[in-house]
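This briefing is meant to be read beside the sequence and the 3D view. Please keep both open while working through the points below.

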Amino acid sequence: MLAVFFAILAILEIKNSVIDAFVLLTIAATFLKGAIVKKKSYELVGSMLATVFGVLMILAYMATKEFSFGILGVVTLPIFLIDLKNFKL
Amino acid sequence: MKVAMVGNPNVGKTAILNALTGGNFTVGNFPGVTVEKKEGIGVINGKKIVFVDLPGIYSFEATSLDEKIARDYIFKEKPDLILNVVSAVNLERNLYLTLQLAEFGIPVILVVNMVDEAKKRGIFVDCQKLSELLGVPVVETVAIKGTGVENLKKAILGGGKVPKVYAHDIKQRIKLAEEIVNEVVKFVDKKYTFDDVLDEVFMDKHLGIPIFLSLMWMVFVFTYTIAEPFTSALDRVFSDLAAFIASNGGVVSSLLGKGIIAGVGSVLVFVPNILFLFIALAVLELSGYMPRAVYLLDSIMSKFGLNGRSVIPMMIGFGCNVPAILATRSIEDEKVRIATILINPFMSCSARLPIYVLIAGTLFPAIGSVVIMGLYLTGVVLALFSAFIFRNTLLKGETELIMELPPYMLPSFRDVWRLSWSRTKHFLEKAGTVILAASVIIWFITNYPGGTMESSYAAMMGKLLQPIFAPFGWNWQIVLALISGFAAKEIVVATLGVLKVNVATAFTPASAIAFMLFTLLYVPCVATMAAIKAEAGTKWTLFVIAYSFTLAYLLALLVMGVGIWL
């Protein structure tokens with residue numbers, strides 16, 4: 001589900017920035033691999049990358065007023081926090 | 001009392017030094033933070049003690065610069081005590097060094113650091129037994145939390161003991177270390193730690209490199225895009241200040257406004273970029289991710305005679321070549337280090353970007369970003385190509401990478417700030433002083449003897465050197481801009497502006513590409529040359545000037561040739 005969401009964001013982002021789209025595709029691939037091998041570690045790292053990228057894109061928007069679909073990466077913050085808690089840290 | 005601190009890289013020697021002295025030394029979570037010995041003074045029970053933190057080493061064979069520094073120090077300075085810091089996580093490998101210490105006949109205290117990390121991994125060290133076997137006091141610590149530091153202070157006052165175990169050669173050391181570890185280390189069921197969770201993904205054979213590239217892109221966004229409002233604000237401040245002072249008239253105002261403030265200001269406006277870059281890199285470094293990146297890229301870099309550690313200076317080079325060259329200190333192999341220094345000026349620093357933006361934006365408006373990205377990639381390709389040549393001719397030798405992957409940590413704000421500010425401060429000190437001197441010189445040669453640019457020494461120089469660049473069709477003003485770029489690449493655009501060069505008519509598409517390629521490759525700026533001289537010596541500085549100029553000239557000629565042919 002998350003893999004599909006980020007793959008769609010990557011496609012939408014290509015017009016704005018190819019490199020931002022590459023980052024979103026990497027995040028999608030991380031979630032996809034996690035789903036295939038059935039390991040939560042990929043979900044944890046994928047959501048961490050998506051959250052950090054989302055925060056960066058918000059800051060970049062504040063600096064340049066240029067929108068990036070990467071901003072939507074912040075929606076994975078709850079998933080990241082839940083996974084982090086599950087790993088008992 | 002003088003105490004030397006000895007141990008493998010990344011075992012926490014500097015953190016222990018800070019805990020013992022209340023010092024402010026830069027700590028890292030990356031092997032090779034300490035590249036020179038550093039001293040701190042601590043007072044224990046009223047007794048003044050000088051602690052000397054030596055570079056992290058794996059043996060006293062003195063094959064690398066670090067090992068030579070450590071060995072020479074102990075032999076020549078004869079400290080009263082050696083604090084041998086070892087990591088509880090990897091005790092066996094750390095003990096290879098410990099087993100060489102009896103050679104010096106100096107009392108030793110063994111500090112078993114990072115016991116918390118070891119426990120997390122199910123590793124328990126019996127320190128009492130270890131003390132009995134080695135015949136020296138053993139203290140457990142978690143230096144970054146200050147745990148065990150009071151016990152260590154008491155042990156230091158006790159003075160330590162000369163080790164009773166000694167191994168002459170590497171085979172003996174390996175065997176003995178294994179025997180000792182078998183007796184003192186207990187492995188309880190290895191838990192699936194957070195480090196394992198992260199490593200599974202960050203070191204994934206398919207995702208490792210894309211994740212690294214994504215993180216590097218995030219570093220670039222943070223460095224350039226997010227720092228941009230700060231850079232623009234500083235630029236406005238310096239421009240207004242320079243214009244205000246210069247408007248007062250007179251030689252002193254002109255020197256201050258058009259010379260010093262305009263020149264030094266043109267460099268200081270990039271301080272936010274530099275600081276942001278170092279903050280991002282400090283987070284990656286202190287978190288423990290950077291050594292993983294080094295490990296991931298090692299196989300690619302080794303094809304060109306470099307190793308994974310060359311990646312970090314190359315990445316820093318995109319920000320500024322000066323700190324990048326200083327960052328090569330963590331490369332143990334001297335020949336790899338020199339090769340990494342020599343290729344670093346080919347990494348397009350941020351100062352070259354305004355040149356690309358001006359020329360590509362004017363002559364290739366539709367494909368400007370492609371042209372600029374092409375220049376960045378050309379720099380990387382030429383750097384790797386040059387490294388391959390150097391490592392197979394002048395700097396021949398094998399390359400190998402021995403490094404331990406440190407645990408992941410959540411970096412503290414204090415450590416991130418301390419690390420990034422100390423590097424930024426270094427940049428300010430080094431570049432600021434050189435740029436100040438260069439600014440005065442440029443002001444002088446563009447204002448004297450005639451008082452106008454046309455009749456200045458700079459114009460004379462431009463006209464004198466113009467024939468060398470005649471094959472490229474550049475006029476003397478463009479040549480003068482290139483000469484001014486010798487002081488700092490930012491000044492190239494400023495000079496083109498001052499001389500009112502019409503970029504659209506002064507260049508053909510081929511001569512414009514040749515010009516951008518030339519500015520990418522020709523001699524490094526003065527600050528970079530000063531850094532190369534400090535790190536590699538005069539011989540290599542002269543070599544890099546000659547090599548880069550020749551390469552720039554030949555490639556620019558090639559571009560012109562292809563342009564005429566097309």
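Helix H1 (residues 13-21) of chain B is mostly covered, with 8 of its 9 residues buried; buried means under 20% relative accessible area, exposed over 50% and partly exposed in between (1.4 Å probe, protein chains only). Helices here are DSSP runs (H or I, at least four residues), numbered from the N terminus. This is a predicted model, in which local features need pLDDT of at least 70 and side-chain atom pairs count only at pLDDT 80 or more, while totals for chains, interfaces and linings use all residues. Residues are numbered from 1 along each chain as its sequence is written, chains are lettered from A and ligands numbered from 1 in the order in which they are written, and side-chain values use heavy atoms, leaving out hydrogens and water.

**Helix H1 of chain B**
- The buried residues of H1(B) are Lys13(B), Thr14(B), Ala15(B), Ile16(B), Leu17(B), Asn18(B), Leu20(B) and Thr21(B).

**Two helices in contact**
- Helix H24 (residues 509-521) and helix H26 (residues 538-565), both of chain B, have axes that come within 9 Å and cross at roughly 165°. Axes are lines fitted to C-alpha atoms, for helices over the stretch in contact, and angles run from 0 to 180 degrees between N-to-C directions.
- H24(B) is therefore roughly antiparallel to H26(B); angles under 35 degrees count as roughly parallel, over 145 as roughly antiparallel, 65 to 115 as roughly perpendicular and the rest as oblique.
- Residues of H24(B) in the contact (heavy atoms within 4.5 Å) include Ala510(B), Leu517(B) and Phe518(B), and those of H26(B) include Phe549(B), Tyr553(B) and Gly563(B).

**Aromatic rings**
- Over all chains, the structure holds 32 aromatic pairs. Rings of Phe, Tyr and Trp (its six-membered ring) pair if their centres lie within 6.5 Å; planes under 30 degrees apart count as stacked, over 60 as edge-to-face and the rest as tilted.
- Phe5(A) and Phe6(A) form an edge-to-face pair, 5.2 Å centre to centre with 80° between the planes. Phe5(A) is partly exposed at 28% relative accessible area, whereas Phe6(A) is buried at 0%.
- Phe469(B) and Phe549(B) are also edge-to-face, because their planes lie at 75°, with ring centres 6.4 Å apart. Phe469(B) lies in the loop between helix H20 (457-465) and helix H21 (476-484) of chain B, and Phe549(B) in helix H26 of chain B, 80 residues apart.
- Phe469(B) is buried at 7% relative accessibility, while Phe549(B) is partly exposed at 29%.
- One aromatic cluster includes Phe469(B), Trp474(B), Phe518(B), Phe549(B) and Tyr553(B).
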